[in-house]
Amino acid sequence: MKRTRSAAAPSSTAAPVPSAAPPSPDTVTASDIRAMVSRGELSAAREAFDYIVIRHQRRASRIALMYLRDTAEADEAVQDAFVRAFTRLETYRDEHPFEVWFTRILVNACVDRQRARQRRARRLVALDDMSTEPAAGRSASPERRATGLAWREAVNAAVERLPARQREVFVLCHLGDHTPRDVSMMTGMRESTVRVHLFRAVHKLRAALGAWRDLR
Amino acid sequence: MICADWHPDDERLLARYVDRDMDATLDQHLAWCRSCTRRLDAMTRDLDRWHHVAADEADALFDEPRMAAQRRGIQQRLGAMPAARVLPFPAPGDTERHAPIARIAAAVLLVAMAGAAVFRVLEMPGRVNSTALRAAATRNPAPVRVVREAAADATELEDIDLALVRPRTAVAELRALDEFTPHVRDIVAQRR
């Protein structure tokens, strides 16, 4: 999803992406890194990989945070994903965009961490009320409401309440700025299924957050 | 031709929002239908708000110093990884330097093993005895003697079993076992 697009004014410039598009800069860089690694030039490969990290870490951090709702864990998941991407670079096939391949690794890293957290939570029975909301959200004052913090928390809580598949699709499409086609490649779901999940997620969120519409 | 009563559902409007492909039919409809344009505007506003909320929150938490630290962490982890390349084994230089010695050693070892095997086959006491017995059996068949020898063997085997079962076994009781075991002195005597 591109936020810059005006949905109300139909765009006449939006054209289908040509099938034989030139490789993206990331794809080229990835090929270069692979060649460097095979030549044993690891230092140069790491340096080149840093450019990929710079280009993708912002978006990756957003996605990871939305999945894990914990800054430290999101940070680690992003690091894990980049390290995994580097070590498995030879499995990357150029026909898919690098970003799609990498996001899949990131999502797997996040899901692994979610599962580990669930296992820990099962073992450590009710340490606290174990709320998934951020700590700041537990005592929302009118002042905070005024600053929009409560609104943020409402959005996060509504997203959190979505079924797992719908949340995954919503996060990837909406926060990751990926098209349903990309998300289909990342998750292995059919594109039509992705669209259905996305629609249901948006429908539920609009219903849940309808009360806020007039307040904002 | 679009029917005047036709209006796109929310799913179609959402697809218009998320897709990068053009939807000519919908665009044509939106050009004149104010109601649907308002619906799409409302949906766009909601989606944009949610996006900004999440993005702003994430960007505030992942500020520039944190991102730099994240990059350093990634680089450190990559730097700590062992070089992912396979070392040739044995190393090319070593192969050339040690090849003659290794070949000679291997050849000597093979010859020694083959020699030992041949020696064992030729000098095996069981083989000599069986040959001698077979020869004796064909020349002078002596059933009484064979029966007697078999009875003696059975007695000796019983003695061995008893000696092994007992907790304390005297040296004399192991004589039966000793008699079944080939001795070097016998082999040497036979060769002479």
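Select helix 3 of chain A, residues 71-87. This helix has 17 residues, and its first and last C-alpha atoms lie 24 Å apart, close to the 24 Å expected at 1.5 Å a residue. The expected span is 1.5 Å times one less than the number of residues. Helices here are DSSP runs of H or I with at least four residues, strands are runs of E with at least two, and both are numbered from the N terminus.

The model is predicted: local features need pLDDT of at least 70, side-chain atom pairs count only at pLDDT 80 or more, and totals for chains, interfaces and linings use all residues. Residues are numbered from 1 along each chain as its sequence is written, while chains are lettered from A and ligands numbered from 1 in the order in which they are written.

Within helix 3 of chain A, colour the buried residues, among them A:A74, A:D75, A:V78, A:F82 and A:F86. A residue is buried if 20 or more other C-beta atoms lie within 10 Å of its own, exposed if 12 or fewer, and partly exposed in between, with C-beta atoms placed from the backbone.

Next, select A:R59, which is found in helix 2 of chain A. A:R59 counts as buried because it has 20 C-beta neighbours inside 10 Å.

Chain A contains 10 helices and 0 strands, and 34% of its 216 residues count as buried. Of the contacts in chain A between residues at least 6 apart in sequence, 60% join residues at least 24 apart. Two residues are in contact if their C-beta atoms, placed from the backbone, lie within 7 Å.

Chain B has 9 helices and 0 strands, and buried residues make up 9% of its 192 residues. In chain B, 49% of the contacts between residues at least 6 apart in sequence join residues at least 24 apart.

Turn to the place where the chains meet. The contact takes 43 residues from chain A and 43 residues from chain B. On the side of chain A that touches chain B, helix 2 of chain A gives the largest share, 10 residues. That side divides into 26 nonpolar, 8 polar and 9 charged residues. Ala, Val, Leu, Ile, Met, Phe, Trp, Tyr, Cys and Pro count as nonpolar, Asp, Glu, Lys and Arg as charged, and the others, Gly among them, as polar.

Select helix 6 of chain A, residues 149-161. Which residues of this helix are buried? They are A:R152, A:E153, A:V155, A:N156 and A:V159. These residues lie on the same side of helix 6 of chain A because they cover an arc of only 160° around the axis, the arc being that of the directions from the helix axis to the C-beta atoms. Their cover includes helix 7 and helix 9 of chain A together with helix 3 of chain B.

A:W151, A:R152 and A:V155 of helix 6 of chain A make the contact with B:W50, B:V53, B:A54 and B:E57 of helix 3 of chain B.
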